[in-house]
Amino acid sequence: MLKASDKVVVGVSGGADSVCLFLLLLEYAKRIPLSLSVVHVNHGIRREAEKDALFVENLCKRKGVAFRLVNADVRALARREGCSEEDAGRRVRYNAFYQAAEHLGGARIAVAHNSNDNAETMLFHLFRGSGIQGLSGIAPVRGSIIRPILCLERREVEAYMRHVSAQWCEDATNEGDDYRRNRIRHHILPYAEREVSAGAIVHMGHTAQLLRETEGFLEEQTGEAFARCVETVRETSGGRDEPTGAGTCGYRIAVAEFLKNHIAIRKRLILEALKRLSPTGKDIAAVHVADTLELFEAEGNKSISLPFGIRAVREYTDVILERRPEGDVGGCPAQLWMLTAPLGEEIFRTPFVYEKEDWGKIEVKAFYIKKGQEVPIKRYTKWFDYDKIKECIAIRFRRQGDFLTIAGRQGEIIHKSVKNYMITEKIPRQIRDEIPVVAQGSHVLWLAGWRMSASFQVDASTERILEIRFTGKKFCEGSETEEKDGGEH
């Protein structure tokens, strides 16, 4: 993490963890020369925030360490960007740390995550659905950021602070259950330690380390497999493709060589290729990887459409992944046939908008629901529980295997194919292929203008909303009215 003469920016909030980190770094600086400076961020939320800032400033004065105070209105930032105060505060803190490090001409940034934080992160990712990288928890070193006390439990931190008679500030926001991480901290982890296995937090830390090592090995193996199996291609003026290192529009993958790899490497290789072809490197989901993998086992020449205009084609002994230019398919935008709406932190800040002249506009945004806020009953504007959506969503047209979930008379969830629903509702055959479908894989969240799936509806426990709205010539008539099958759908 550190070597002699390193400059270190230490994030100190005044809490036990960050003060412990600061004191330990001061002790370590007695062994090897280090240049320490402290950054404290006042989020402008708690009444005692100014007292915390003064406490940290005085601590730095006593220790002879440079102090930098950053004041921010995190609550206003969260409202402006449509994100949680927790997310806004995190961004403000790290921006402050990076700016201070840059001001010093390049410095390490030390933050005070401990093993309890690591365990909370692992469980949070597990509950929401995650791969190995997410289950690996918090990395001890990530770029210029270091976490020297990640190996310590919270109880060890506080025991050390009492041992050296050090004072710290208490943050009242850590005591409540308003944040989901606090619920894991206050209820799930203590129960696990008490009722499941003493030392659960330490054991999870060991597991996280093993998973990070495994992730590193798999990443290395995937890179080697990519080099063996994949040829970069681009279109030439003659219409065929040729190897190149620039102007990439796709990849050619040799089926026989590809199938020699373990299934785990195959999945990662396809995911890597699709991410490289996508404009953001995000929102490629497991369903897209699975659909592409099927081509390697298929007989004959076949093709599938993927997000961002990417197409996968089985061509004799190869599978070609290529990104198509935007155009029209059947009178509708080619991208809409599998248009992916990006989910994640950015959708809370900047709405996703797709517009095509003479067709219509799609708007996707996310925000935190306010207490007592009513769900709109409109035909072409729908609210979904953001946290019930586990993968990226596609806005496309119907395809074989699509289904809706409908609440039965006894409250049970019934699966119904989109085809059968259209027949039951007597939707005219000539318009069935023109109705936009919002889907997660084959599970349809919304048959636009008709019905929502029960599995994604807003309920009393909903905290975050994903809103999708269709406007334009095709969607304006009756767009502000209730749907035929009831507003609750």
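User: Of the 489 residues of the chain, what percentage count as buried?
Analyst: The model is predicted, so local features need pLDDT of at least 70 and side-chain atom pairs count only at pLDDT 80 or more, while totals for chains, interfaces and linings use all residues. Residues are numbered from 1 along each chain as its sequence is written, and side-chain values use heavy atoms, with hydrogens and water left out. A residue is buried under 20% relative accessible area, exposed over 50% and partly exposed in between, with a 1.4 Å probe and protein chains only. Of the 489 residues, the share that counts as buried is 46%.

User: How many helices and strands does the chain have?
Analyst: Helices (H or I, at least four residues) and strands (E, at least two) are DSSP runs, numbered from the N terminus. The chain has 14 helices and 25 strands.

User: At roughly what angle do the axes of helix α11 and helix α12 cross?
Analyst: Two packed helices are described by the angle between their axes and the distance between the axes. Here axes are lines fitted to C-alpha atoms, for helices over the stretch in contact, and angles run from 0 to 180 degrees between N-to-C directions. Helix α11 spans residues 263-277 and helix α12 residues 286-297, and their axes come within 10 Å. They cross at roughly 115°.

User: Which residues in α12 do I263, R266, K267, I270, L271 and L274 in α11 meet?
Analyst: Contact means heavy atoms within 4.5 Å. The residues of α11 named in the question meet these in α12: H288, V289, T292, L293, F296 and E297.

User: Is S165 buried or exposed?
Analyst: S165 lies in the loop between α7 (154-163) and α8 (180-196). Its phi is near 55°, a positive value in a residue other than glycine. With 65% relative accessibility, S165 counts as exposed.

User: What is the relative accessible area of K426?
Analyst: K426 is found in the loop between α14 (418-424) and β22 (437-440). Although K426 is not a glycine, it has a positive phi of about 55°. K426 is exposed, and its relative accessible area is 69%.

User: How far apart in space are F124 and R181, C-alpha to C-alpha?
Analyst: F124 has its place in helix α5 (residues 115-128), and it is buried, with a relative accessible area of 18%. In sequence, F124 and R181 are 57 residues apart. In space, C-alpha to C-alpha, F124 and R181 are separated by 7.2 Å.
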